[in-house]
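Please keep the sequence and the structure in view while reading.

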Amino acid sequence: DRPFKTAQGWEIVRVDERREYHILYVDLEKALAGDERENLLLQDEDQLIVRRIPDGMDKVTVTLEGEVRFPGTYVANKGERLSSLIARAGGFTQDAYLKAAVFSRVSTQKSQQEAIDKLIEDLELEVAQKSQEIAGALDKEDLEANRQLLQARRSLILQMRKARATGRVIVRLESQERLAGSSADILLEDGDRLAVPKKTNVVNVVGRVYNPTGVVYSPAHDTLGYYLRTVGGPTESADRDHIFLLKANGSVVTRENVEGGFFLFGDRGILSARVEPGDSIVVPEKLVQTRLMKDVKDITQILYQIAVTAGVLIVAF
């Protein structure tokens, strides 16, 4: 005579004298609270079945840090997107600098680290092979110079082995109103983390320049060339062909992908790249290669590419 409803998905399977099965639906919460109607007497061979809440095992935890109104660790539902969680956290504060927000993911960190480890192993093998080649092919004049070069590259590889991928995913955040439905409104995974910093007005210039430092951003001067000149420009040991701009959102601008062409100097090219607050201008060191080392890959540049991809920028100058 009990109504046919499951409320919380709890039921008792009972066998009668004719060995026929009957299902009694109960509200277990009320039974535990002492409700006599729900707190049924159990009989021999009764089975109490407590079903899990749909998708209850698919809950994920996501951490929001920095400039959101209510930062903390949240439990997200399966299929929930970033915009929904931001709304639950009260949205962004007025001081939030969305262009510099850092979104990291556990699964991405794992794949990034595996790729870094594999490439470093390949580079170590290549360096070992080249060491054997130059030992047997170079004259005394070039031998010592190439030994020093290989040693420097081994040191860089060791530094990269100490680094760990952050799992950063480049996400171009919009305002809360425009985030829903945008490409940045991604599905959430367990362990995701979003850190939103405060607004900044500094552009960093690091590497082989005369005065590596931060420069206050000026809207009237928004090109890479201006900030490079402000710190004195590249030194004689700078690799001018591989200067790059590390954007606050994690993306990278090089002379190959900057809008306007492939020229290093002048009004076009990397010096004309648009700079925003929080960006970093990186000027790597130029490695001198002797005659039999010209076919060796520039390991320094490869390591920088790995570092940027992994979200780990190592300034090894």
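The report below moves from the whole chain to a sheet, the cores and a few loop residues.

**The chain as a whole**

The structure is a predicted model. Its protein chain contains 7 helices and 13 strands. Of the 317 residues in the chain, 43% are buried. Counting the contacts between residues at least 6 apart in sequence, 66% connect residues at least 24 apart. The chain has an accessible surface of about 18,500 Å², and carbon and sulfur atoms account for 51% of that area.

Strand β6 (residues 102–104) and β7 run antiparallel and are joined by 2 bridges. Within this region, S104 stands opposite R168 of β7.

**Two nonpolar cores**

The largest nonpolar core has 23 residues, and those that touch the most other members are L64, L82, I86, F92, L173, L194 and V196. At least two residues of this core come from each of β4 (60–66), β5, α2 (82–88) and β8 (193–196).

When neighbours within four places in sequence are left aside, I86 is in contact with L64, V68, G91, F92, Q176, L179 and L194.

**Buried residues in loops**

Which residues does N249 touch, not counting those up to four places away in sequence? They are K99, R168, I170 and R172. N249 itself lies in the loop between β11 (244–246) and β12 (252–253). N249 counts as buried because its relative accessibility is 12%, and the cut-off for buried is under 20%.

A248 is also found in the loop between β11 and β12. Apart from neighbours within four places in sequence, A248 is in contact with K99, A100, R168, P277, G278 and D279.

V209 is placed in the loop between β9 (202–207) and β10 (213–216). With a relative accessible area of 6%, V209 is buried. Beyond its neighbours within four places in sequence, V209 is in contact with L228, V231, G233, P234, T235 and V283.

| Residue pair | Separation along the chain | C-alpha separation |
|---|---|---|
| V209 and V282 | 73 residues | 9.1 Å |
| A248 and V203 | 45 residues | 9.5 Å |

**Positive phi angles**

Most residues other than glycine have a negative phi. R19, which is not a glycine, has a positive phi of about 65 degrees. The position of R19 is in the loop between β1 (10–15) and β2 (21–26). E45, which is not a glycine either, has a positive phi of about 75 degrees. E45 belongs to the loop between α1 (28–32) and β3 (47–50).

Is E45 buried, partly exposed or exposed? E45 is partly exposed, because its relative accessible area is 40%, and this class lies between the cut-offs of 20% and 50%.

Technical notes
Residues are numbered from 1 along each chain as its sequence is written. This is a predicted model: local features need pLDDT of at least 70, side-chain atom pairs count only at pLDDT 80 or more; totals for chains, interfaces and linings use all residues. Side-chain values use heavy atoms; hydrogens and water are left out. Helices (H or I, at least four residues) and strands (E, at least two) are DSSP runs, numbered from the N terminus. Buried means under 20% relative accessible area, exposed over 50%, partly exposed in between (1.4 Å probe, protein chains only). Contact means heavy atoms within 4.5 Å. Accessible areas come from the Shrake-Rupley method with a 1.4 Å probe; for residues, only the protein chains shown count as cover. Two strands pair if DSSP finds at least two bridges between them. A nonpolar core is a set of buried Ala, Val, Leu, Ile, Met, Phe, Trp, Tyr and Cys residues joined through side-chain atoms within 4.5 Å.
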